[in-house]
Protein chains: 2
Amino acid sequence: MEHELQVISEHRYLLGIDLGGTGSRAALTPFAHTLPDASALTEASTVRRLDGGRISVTAGGSTVIDVAEALIGDARRAWPDARIAAVGVGAAGVASLVDDPDAAATRLARAADAPAALAADAVTANLGALAGAPGAVVAVGTGAIALGTDLDRVWRRVGGWGHLYDDRGSGAWIGIRALQAAIETHDGIRQDAVALLALATERFGPVGAWPAHLYPRADRAGVLAGLAADVARLADSGDAVATAILDEAGARIAATLAAALDPGLPRVASFTGGVFASPVVDAAFRREFARLAPDADLRAAAGTPLDGALHLARRLATGALPRDRPPYLWLAD
Amino acid sequence: MEHELQVISEHRYLLGIDLGGTGSRAALTPFAHTLPDASALTEASTVRRLDGGRISVTAGGSTVIDVAEALIGDARRAWPDARIAAVGVGAAGVASLVDDPDAAATRLARAADAPAALAADAVTANLGALAGAPGAVVAVGTGAIALGTDLDRVWRRVGGWGHLYDDRGSGAWIGIRALQAAIETHDGIRQDAVALLALATERFGPVGAWPAHLYPRADRAGVLAGLAADVARLADSGDAVATAILDEAGARIAATLAAALDPGLPRVASFTGGVFASPVVDAAFRREFARLAPDADLRAAAGTPLDGALHLARRLATGALPRDRPPYLWLAD
């Protein structure tokens, strides 16, 4: 009996999907090879990967579920022999910009022909970075959100409300700060952001063309975040304005993470996102977090949000996700 | 001959149109009754007024010309006996978000069946506030833009690049600052913006509903600016966070205006916009402008941007606007 189950599960797969402002990714891994809370699942040689489209936000709402459905379809076509045991999906904006996440989870289950767990991106970031252990994780990409959770009783969210009035320290936030300094230099309000002005002009053309590059675009948060890597390079080369922006970004990310530490959870924290590749961001983040939460255990991320999506799929397949937990998690058969 | 011209002109009218993020306005005034550079044209008893729609920015660009065309149509239906001598239109985003302003001016001339002058809103604000005299004017509404000009050789623009990375001190800027403080208080990053959080919750519902109120909307700058009056009321009642936001708004507006003073123009400046009704904004603006440009003559506005649109129409009708001046002014017969 035990042997039979093993044989069956060797033919079944877990599908994980991670959807963000700058792109989307899918990973497929054999169910049987997936150890409980193994850390970086997507680094295993048995994992197959696919890239998908970028989310945009239009008058009709977010396209996140369309992108997820298309990526599931791509995965099934790419790997036609893989029987999917469960699909785990982490998506930016799912709680606030998807009309009916419950119905969306059902759509994803139908597309995968398997049970589906649809989660806020903060949930998959947490599962990936702490390898399933309870604690707080800040995920910084196009946006910035922290979640302290045990996936059961405690769900403490900070940030992640979008580029317009939140997401402190995120890629979009860095892009906005860079453009603010650049346009002020162009207009003669300040003189010091000459390099940022040159950078933005190289990217978007003369300043008169910038509004048309940004305001009408549904993926403007991603476009803004696209500047962040260049700002980081500028800081690495010693530019004072770029350095000041990234220093503040790191400090603000730390404040977001510290606010997600919950008295009901172990004081364990982690972080994930390309922005930490900047030494300026990383140093400012660690300095400020140590100041705000000197007793917390700050760990390097065990895995990525895509790993977290596979953890989510595994938990669903093993019956470890009993029920919906809006606005973080929706399940469908 | 002179007499004949007078008689004819008594039957002709000037149409002025002002288009912004929070709405649009049209004014019709008899040509003959319009004295050169009379200040507040729209306050005369001979003026008739109409209100129109709000501009929005979508993937197809700005709707500003559609709104202007509709308002011209409304005006012609409302006042069928008025022969229009010229139409002057001041519009936000015309330089950066309208594909072909030249073609747009032609569309407006056709709609009015009269020569049309299409100008950036900064131009009509300047004409209205300084009653046609050369100098610098800052116009603060949904956005914030300053222009130093003599409508001839000098065109010095500062700001007006939109809510995403510019428009310091504008209605949208104040709305964004208010939401930033509110969400940080909600998330436990800070504790002091309880009143702003209550205000935003009253307006948009619980914080989880805010993104859907803002991100998918093409008129989100106007929605954000809609918060500014409430923030001003909160400051009037003594709220420290609201007061700090408006104090910074006033100082930043002053910096924008000071940067628009041009060596080639008299050091004359003025300002226009509902935001100056706030005593906090007004005081901070005057204090900072006096610090930055102690020798400049800061005047109260002689008239509104809608007055400026009528000035523009009068100049066009009298041949005082010889040619296009992109990205500020486009003429069409």
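User: Which residue forms a salt bridge with B:Arg286?

Analyst: In this predicted model, side chains of opposite charge can pair when their charged atoms come close. For B:Arg286, the closest N and O atoms of the pair are 3.1 Å apart. The partner is B:Asp282.

User: How many residues apart are B:Arg286 and B:Asp282, and in which helix do they lie?

Analyst: An α-helix has 3.6 residues a turn, so residues three or four places apart point the same way. B:Arg286 and B:Asp282 are separated by about one turn of the helix. They are four residues apart, and both lie in helix 12 (residues 279-292) of chain B.

User: Is B:Arg286 buried, partly exposed or exposed?

Analyst: Buried means under 20% relative accessible area and exposed means over 50%, with partly exposed in between. B:Arg286 has 39% relative accessibility, so B:Arg286 counts as partly exposed.

User: Which residues of chain B belong to the network of salt bridges that includes A:Arg168?

Analyst: Salt bridges that share partners join residues of both chains into one network. From chain A the network takes A:Asp166, A:Arg168, A:Arg177, A:Glu248 and A:Arg252. From chain B it takes B:Glu184, B:Arg190 and B:Asp192.

User: How many salt bridges does the rule find across the interface of chain A and chain B?

Analyst: Over all chains the count comes to 42 salt bridges. One that links the two chains is between B:Arg168 and A:Glu184, at 3.7 Å from N to O. Across the interface of chain A and chain B, the rule finds four.

User: Which elements of chain A give two or more residues to the side that touches chain B, and which gives the largest share?

Analyst: The strands are strand 4 (57-58) and strand 10 (155-159) of chain A. The helices are helix 3 (94-97), helix 6 (171-186), helix 8 (210-214), helix 9 (220-225) and helix 11 (240-259) of chain A. The largest share, six residues, comes from helix 6 of chain A.

User: How do the residues on the side of chain A that touches chain B divide into nonpolar, polar and charged?

Analyst: In this interface, 38 residues of chain A are in contact with 39 residues of chain B. On the side of chain A, the division is 21 nonpolar, 10 polar and seven charged.

User: What area do chain A and chain B bury between them, and which three residues of chain A supply more of its part than any other three?

Analyst: The size of an interface is often given as the accessible area lost when the parts come together. Here that area is about 3300 Å², with 66% of it on carbon and sulfur atoms. Of the area that chain A buries against chain B, 28% is supplied by A:Leu164, A:Tyr165 and A:Tyr215.

User: With which residues is A:Glu288 in contact, leaving aside its neighbours within four places in sequence?

Analyst: A:Glu288 is found in helix 12 (residues 279-292) of chain A, and at 18% relative accessibility it counts as buried. A polar contact of 2.9 Å joins its side chain to that of A:Arg291. Leaving aside its neighbours within four places, A:Glu288 is in contact with A:Ala251 and A:Ala254.

User: How far apart in space are A:Leu261 and A:Val137?

Analyst: A:Leu261 is found in the loop between helix 11 and strand 11 (268-272) of chain A, and is buried, with a relative accessible area of 8%. In sequence, A:Leu261 and A:Val137 are 124 residues apart. In space, C-alpha to C-alpha, the separation is 8.9 Å.

Methods. Residues are numbered from 1 along each chain as its sequence is written. Chains are lettered from A and ligands numbered from 1 in the order in which they are written. This is a predicted model: local features need pLDDT of at least 70, side-chain atom pairs count only at pLDDT 80 or more; totals for chains, interfaces and linings use all residues. Side-chain values use heavy atoms; hydrogens and water are left out. Contact means heavy atoms within 4.5 Å. Buried area is the accessible area (1.4 Å probe) that two parts lose on being put together, summed over both. A salt bridge is a side-chain nitrogen of Lys or Arg within 4 Å of a carboxyl oxygen of Asp or Glu. Ala, Val, Leu, Ile, Met, Phe, Trp, Tyr, Cys and Pro count as nonpolar, Asp, Glu, Lys and Arg as charged, and the others, Gly among them, as polar. Buried means under 20% relative accessible area, exposed over 50%, partly exposed in between (1.4 Å probe, protein chains only). A polar contact is a pair of N or O atoms within 3.5 Å; within protein, one must be able to donate a hydrogen and the other to accept it, and residues adjacent in sequence count only if both atoms are side-chain atoms.
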